[in-house]
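User: I am new to this structure. Please take me through it in short steps.

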Amino acid sequence: DGAEKKEQTIKAVVTFYSLPMRILRGDHAGSEINAACLYYYATDPNDGPTTLDVIEAGVAYAAKIGFDVMNAVSILHNTKKNLQQARFLAGDGELNWYLYNWKFKDPPIRGEDIGFVPV
């Protein structure tokens with residue numbers, strides 16, 4: 001068409017996966033919650049949006065396409081500080097990490113040292 005094409009650069013990325021849940025007890029037992037789980041995000045530290053902006057964009061997009069809630073686990077860069085700044089609330093349970101069915105106890109492993117791949 002003769003128009004000059006402008007080169008574009010990706011400045012940030014955010015990903016999440018679908019983790020539908022069923023309510024087991026209470027008035028809404030049997031109902032499903034369409035949950036998204038924050039997975040991976042990155043931003044260009046020199047010329048990209050802030051980490052908070054990237055997380056909030058992911059939450060907004062998940063809501064736009066029909067997710068009821070977004071969850072996150074405190075691993076890798078999902079630090080308590082980052083999640084609180086993005087207005088995530090602490091969960092009511094305890095999540096244990098397993099590797100080949102062995103629970104990590106000694107030495108203790110920090111959340112930022114753990115990554116996972118959902119299969």
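**An aromatic cluster and its sheet**

Analyst: Phe 16, Tyr 61 and Phe 67 are linked into a cluster by ring pairs. Rings of Phe, Tyr and Trp (its six-membered ring) pair if their centres lie within 6.5 Å; planes under 30 degrees apart count as stacked, over 60 as edge-to-face and the rest as tilted. The model is predicted: local features need pLDDT of at least 70, side-chain atom pairs count only at pLDDT 80 or more, and totals for chains, interfaces and linings use all residues. Residues are numbered from 1 along each chain as its sequence is written, and side-chain values use heavy atoms, with hydrogens and water left out.

User: How many aromatic pairs are there in the whole structure, and what kind is the pair of Phe 16 and Tyr 61?

Analyst: A search of the whole structure gives three aromatic pairs. In the pair of Phe 16 and Tyr 61, the ring centres are 6.4 Å apart. The planes meet at 50°, so this pair is tilted.

User: What kind of pair do Phe 16 and Phe 67 form?

Analyst: Phe 16 lies in strand 1 and Phe 67 in the loop between helix 1 and strand 5, 51 residues apart. Helices (H or I, at least four residues) and strands (E, at least two) are DSSP runs, numbered from the N terminus. The ring centres of Phe 16 and Phe 67 are 5.5 Å apart, with 85° between the planes. The pair is edge-to-face.

User: Is Phe 67 buried or exposed?

Analyst: Buried means under 20% relative accessible area, exposed over 50%, partly exposed in between (1.4 Å probe, protein chains only). Phe 16, at 22%, is partly exposed. Tyr 61, at 47%, is also partly exposed. Phe 67 has 15% relative accessibility, so Phe 67 counts as buried.

User: In what order do the three strands of the open sheet lie?

Analyst: Two strands pair if DSSP finds at least two bridges between them. Strand 1 (12-18) and strand 5 (69-71) are the edge strands, each pairing on one side only. Strand 4 (residues 35-43) pairs with strand 5 in the parallel sense over three bridges. The pairing in the sheet is mixed, and the order is 1-4-5.

User: Which residue in strand 5 is the bridge partner of Ala 35?

Analyst: Strand 4, residues 35-43, pairs with strand 5. The bridge partner of Ala 35 in strand 5 is Val 69.

User: Is Leu 89 buried or exposed?

Analyst: Leu 89 sits in the loop between helix 2 (80-85) and strand 6 (98-99). Its relative accessibility is 80%, so Leu 89 counts as exposed.
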